[in-house]
Amino acid sequence: MSIRTSIATVSLSGSLETKMTAIAEAGFDGFEVFEPDLVSSPQRPKEIAARAADLGLTIDLYQPFRDVDSTNPDTFARNLIRADRKFDVMEELGCDLLLVCSSPLPTAVRDDGQLAEQLHTVAERAQERGIRLAYEALAWGAHINTYRHAWQIVADVDHPALGTCLDSFHILSRGDDPSGIRDIDGDKIFFLQLADAPHLVMDVLQWSRHHRCFPGQGNFDLGAFGAHVVASGYDGPWSLEIFNDVFRHSATGRTAADAHRSLLYLQEQVGRYPHATDQLFDPPPPGPIENIVSVRLASGPVRAPEVAWTLGHLGFEMTAAHSTHGLQLFSHGPLAVAVDTTVDTLWTAPGVPAHLPAVAQIGVRSGDPGEWLTRAHALGVPAQAVGMPGTDTDLAEVVRMSVTDATSLDLRSRSSVQSWLEAFDLVPRASAPPSSPFLTDVDHIALAVPADSWDGIMLLLRSVLGMTPHEGQDVVDAVGLVRSQALTLTTATGVIRLSLNMVPGRVSDTDPLPAARRGGVSHVAFGTHDAIAAAESMVARGFLPLQISPNYYDDLAARFDVPGDVLATLQRLGILYDANGSGGEFFHFFTPTVGDDLFFEVVQRVGDYAGYGETNSAVRLAAQLR
Ligand SMILES: O=C(O)c1ccc(O)c(O)c1
Ligand SMILES: [Mg+2]
């Protein structure tokens, strides 16, 4: 037996029919009918039931009610009549579980005894119709707003047709301790709703109605939460109830697929706790992984010279070109950057203009890409084994998955990295690579992602790869706001760091803002042991440092004890600085943007500095926009 998966129709966009189809295709077992979806549907409840059955879906819960109890006797009497009519609908739907939320109204009953009495009355009537009630505490309920209090009332009523519904959002948003769930009789938990959310400081009702997301997309510890639920003995469906403004207009099928993946991922998380049930989905573990070994940039023919020129400043030299694929290989010490100069290499969604240049491919070395393929497929990610053009590389040597519409992640075996390099003309276009390389590795890659792909990408990186998200960041500057989120993965050979950037909201392509602001800017950051020496070498190659405001260096002098001569050098070379208070330091500098949407960074980490110089982002953006 496996855990049954379910999702509330409110979590998806489109008509009820569209939602049901997507829910079935994504692999769910059932769904919750959200009242407005039913009321606006042209299908009668019987037809909805028939369609659900055709799709192999059960209707697990119906939620037409938020305010059953009332201090006004007339209102309560009217609510009972309303309940009877809704029981009729449920009979036709073939659904026997009704959600009852704690009332947020001023007329909510505030006396536990009276509330128990009213719920008992409704439970009696439900039982006559073969229906059960699941009572849920809303975080903003007028009187009942904690799961413990809701459970207390349910225990007091002690009626077979009344149980409780747990919703992770209402519990975790309040900072409540979920461990008390272990003490609830699992048979009396009639339903489980799961939602994640990003940490936000705002009114809890607005937070709930607009910013919930799927498990693995936000900041709640749902693994621990799920372990408490398992310990209670609950064995009903795990259902997603996600109110999210972006999902309301995103592609239904893609959101449903992400939703289902989130429940698989959550089960894997819960399975790491002791005494977890063997009903939990247990995907194949992550494969071996090392570091980023190659980057492929889509530049197109027009931007190619500009990209080559910038890479030249960074100390890269074009060492080879691909005979048939329009690829140029730039090398610097151990680093390989392939520049794709063809016109058709940037895949974008229909109607989305291809901004160039872009990070098209990130190559990561793995001892066994095949293991990643198995894991990705188990989690429903359409990863592929690909062959290298011009080689007879074994197919399982490279495993590719799309991260964004424009960027793929390639897991490459050691031999495929070699054959990838060998696929280029062996006749070098330039002399030997620079004798003393000053860049050591790819420190991090930042990808600009569209707002409606953000949550799906987070889930992909966290679920399949097991990356860990860090505190998100909003960078506000003269022309708007960029949200950024770093994720890391500690590997056998170091740390893979990716960061996602987006400009929240929809900005049209005809917007007078600089193009770079439409979706944030991507960048590739190379590591160095000595940022000052690296910058000097680059200046010797013709690099013009970004002009950073002198005010920034005045501020540095005020915040840190940087010696005056070092400060003068940093300023001359356009190097920014940060320190973490425990001896860790960070030196970094940037190229201007190449085209509209890409730049490069050089970073030096000292000690245990683990950040990205986030505090300097606004200064960097201002300098690049000038
Ligand atoms: O926002 C609400 O009103 C609402 C309704 C039903 C739920 O299960 C819930 O968690 C929230
Ligand atoms: Mg709920």
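Predicted model: local features only at pLDDT ≥ 70, side-chain atom pairs only at ≥ 80, totals over all residues.
User: Noted. Is E601 buried or exposed?

Analyst: To read burial, look at the relative accessible area: a residue under 20% counts as buried. E601 has a relative accessibility of 2%, so E601 counts as buried.

User: Which residues does UniProt list with E601 for "binding site"?

Analyst: The UniProt record, an unreviewed entry, lists H444, H523 and E601 for that feature. These residues are spread over 158 residues of sequence, yet they cluster in space, with a largest C-alpha distance of 9.2 Å.

User: Where is the place of H444, and what does H444 touch?

Analyst: H444 sits in strand β17, residues 439–448. Leaving out residues up to four places away in sequence, H444 touches R497, H523, V524, A525, E601, V603, R605 and Y612.

User: At which other residues does UniProt place a "binding site"?

Analyst: The unreviewed UniProt entry also places that feature at E136, D167, Q193 and E241. Although they are spread over 106 residues of sequence, they cluster in space, and the largest C-alpha distance is 12.8 Å. Of these residues, E136 and E241 are included in the lining of the largest cavity.

User: Let's take D167. Where is its place, and is D167 buried or exposed?

Analyst: D167 belongs to strand β6, residues 162–167. Its relative accessible area is 2%, which means that D167 is buried. Leaving aside neighbours within four places in sequence, D167 is in contact with E136, Q193, R212 and E241.

User: And where is Q193 found?

Analyst: Q193 lies in strand β7, residues 189–194. With a relative accessible area of 0%, Q193 is buried. Its contacts beyond four places in sequence include E136, D167 and E241. Among the others are E32, L61, Q63 and S239.

User: Which residues come nearest to ligand 1?

Analyst: A handy way to read a ligand site is to start with the closest residues and then look at individual atom pairs. Of the 14 residues around ligand 1, R66, E136, H170, R209 and E241 come nearest. An oxygen atom of ligand 1 is 2.6 Å from an N or O atom in the side chain of E136. For the side chain of R209, the distance from a ligand oxygen to an N or O atom is 2.6 Å, and for the side chain of Q193 it is 3.1 Å. Taken alone, ligand 1 exposes 290 Å², and the protein buries 100% of that.

User: Which residues does the annotated domain cover?

Analyst: UniProt, in an unreviewed entry, gives "domain: Xylose isomerase-like TIM barrel" for residues 22–251. Over residues 22–251 the chain is 40% helix and 17% strand, and the end C-alpha atoms are 10 Å apart. For one residue in that range, look at E35, found in helix α2, residues 35–39. E35 is buried, with a relative accessible area of 11%, and touches Y62, Q63, P64 and K86, not counting residues up to four places away in sequence.

User: What is the phi of D158, and why point it out?

Analyst: Most residues other than glycine have a negative phi. In D158, phi is near 50°, a positive value in a residue other than glycine. D158 lies in the loop between α6 (147–157) and β6. At 59% relative accessibility, D158 counts as exposed.

Methods. Residues numbered from 1 in each chain as written. Chains lettered and ligands numbered in written order. Heavy atoms only, no water. UniProt positions renumbered as here; feature names shortened; annotations may be inferred. 1 Å grid on protein atoms, 1.4 Å probe; cavity = no way out; pocket = protein on both sides within 12 Å on 5 of 7 lines; lining within 4 Å. Helix = DSSP H or I, 4+ residues; strand = E, 2+ residues; numbered from the N terminus. Buried < 20%, exposed > 50% of the residue type's maximum accessible area, 1.4 Å probe, protein only. Contact = heavy atoms within 4.5 Å. Near = heavy atom within 4 Å. Polar contact = N/O pair within 3.5 Å; in protein donor to acceptor, adjacent residues only side chain to side chain. Areas by Shrake-Rupley, 256 points an atom, 1.4 Å probe, with all protein chains shown as cover.
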